[in-house]
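Before looking at the chain, consider how a structural label can be traced back to the value behind it. The questions below take several such labels in turn.

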Amino acid sequence: MKIVLDAMGGDHAPGVAIDGAVMAAREYGVEILLVGHEEAIRRELARHDTTGLSLPLVHAGEVIEMEEHTEAVKRKSDSSMAVGMRLVRDGEADAFVSAGNSGAVMATAILRGIGVGRIRGIRRPALATYYPVGPTPLLLLDIGAQADCKTEYLLQFAQMGAIYAERVMGIANPRVAVVSNGEEADKGNMLVRDTYPLLEASGLNFVGNVEGKDVTRGMADVVVTDGFTGNVIVKLTEGLVSFLAKYLKGELTGSGLNKLALALMVPGLVLALPGLLLLLPTLKRIARRMDYAEYGGAPLLGVDGVVVIAHGRSNAKAIKNAIRQARQAVEGEMIATIKKGLASEG
């Protein structure tokens, strides 16, 4: 298997990208094609022991910066994104991973003559993400690719999301729900109300509407919405988690009494230490579940090739896990399965 990594993509590229690539090559045993400025990549690789690892370099003379608009995709035909995406399009690689400008990655993927294009029959691609709830995360889509949607878009998002959940996440017969402001079938805006009967008749394991308060209760394995709503859900969740972490830290260490207890190890704290130590594994599991780096990136569903977009602030662990996601999608034959599913639906 060959996976392309945009070595110039992300806030901390190419250093962090190369760190993650080395970790992934060592752990997963895949060949990772590093695309970008050759001299910069070689300089970063020199920091690692790459003995026995397959990390070939592919030079690209241009970089699409994080702050650039999507029109830079057409202007910079020799960018690391364009060169890497063409490798997948031409069958020289199996998947593409980038932590670069997400809008530019999406534009590159669907642009005729450069990217892999859309799967025939797919009206619009969707950006999916793992949402950490319940014993296993659910798949939430779309989270930003399509702010304005039609009913057939949401239906296809649901179909692609169910295939991804089954073939990549390993969830048998995944439950599918649509975000609404009420559980009843007649609740929601016109888009949601008109989509509901399509999902009922789709043959998917459709479990109905899911309200915002219930998304986190694990009532579905695949949750579908338009890109505007999905993006708000994700960003609100990220902000809330950050706020709670800072709030708890402040409560535990902010007061003079708490600081004195921590400094002097008062008897009450000493007695509580065994209990705190027992809680540490649980606290670590919670932190790991809420850590974006554990999930790596967001698959772009609906394009004719495996494309995973990692967060711009990704660390090496996130890059490694984004490569893992790409590997799992290739192993699960995600693209072929989506095509087969569309064909069976006519």
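Q: What makes Asn 315 a cap for the N-terminal end of α12?
A: In this predicted model, a side-chain oxygen of Asn 315 lies 3.2 Å from the backbone nitrogen of Lys 317. A polar contact requires N or O atoms within 3.5 Å, and the pair formed by Asn 315 and Lys 317, at 3.2 Å, therefore meets that cut-off.

Q: How do you know that the reach of helix α12 is close to the span expected for its 16 residues?
A: Helix α12, residues 316–331, reaches 23 Å from its first C-alpha to its last, which is set against the 22 Å expected at 1.5 Å a residue.

Q: Why is α12 called mostly covered?
A: Buried means under 20% relative accessible area, and twelve of the 16 residues of α12 are buried. Among them are Ala 316, Ile 319, Ala 322, Ile 323 and Ala 326, and the buried residues also include Lys 320, Arg 324 and Arg 327.

Q: Why is Gly 297 called buried?
A: The relative accessible area of Gly 297 is 12%, and the label applies because buried means under 20%. Gly 297 lies in strand β10, residues 297–301, and, leaving aside residues up to four places away in sequence, it touches Val 308, Ile 309, Ala 310, Ala 322 and Gln 325.

Q: Why does Asn 173 count as exposed?
A: Its relative accessibility is 52%, and since exposed means over 50%, Asn 173 falls in that class. Asn 173 lies in the loop between α6 and β7.

Q: What makes the phi values of Asn 173 and Glu 333 worth noting?
A: Most residues other than glycine have a negative phi. Asn 173, although not a glycine, has a positive phi of about 45 degrees, and Glu 333, also not a glycine, has a positive phi of about 50 degrees. Glu 333 follows α12 and lies in the loop between α12 and α13, residues 334–344.

Q: How do you know that the peptide bonds joining Ala 13 to Pro 14 and Leu 141 to Asp 142 are cis?
A: For the bond between Ala 13 and Pro 14, omega is about 0 degrees, and for the bond from Leu 141 to Asp 142, omega is near 5 degrees. Most peptide bonds are trans. Pro 14 is placed in the loop between β1 and α1, whereas Asp 142 lies in the loop between β6 and α6.

Definitions and conventions:
Residues numbered from 1 in each chain as written. Predicted model: local features only at pLDDT ≥ 70, side-chain atom pairs only at ≥ 80, totals over all residues. Heavy atoms only, no water. Helix = DSSP H or I, 4+ residues; strand = E, 2+ residues; numbered from the N terminus. Expected span 1.5 Å × (residues − 1). Buried < 20%, exposed > 50% of the residue type's maximum accessible area, 1.4 Å probe, protein only. Polar contact = N/O pair within 3.5 Å; in protein donor to acceptor, adjacent residues only side chain to side chain. Contact = heavy atoms within 4.5 Å.
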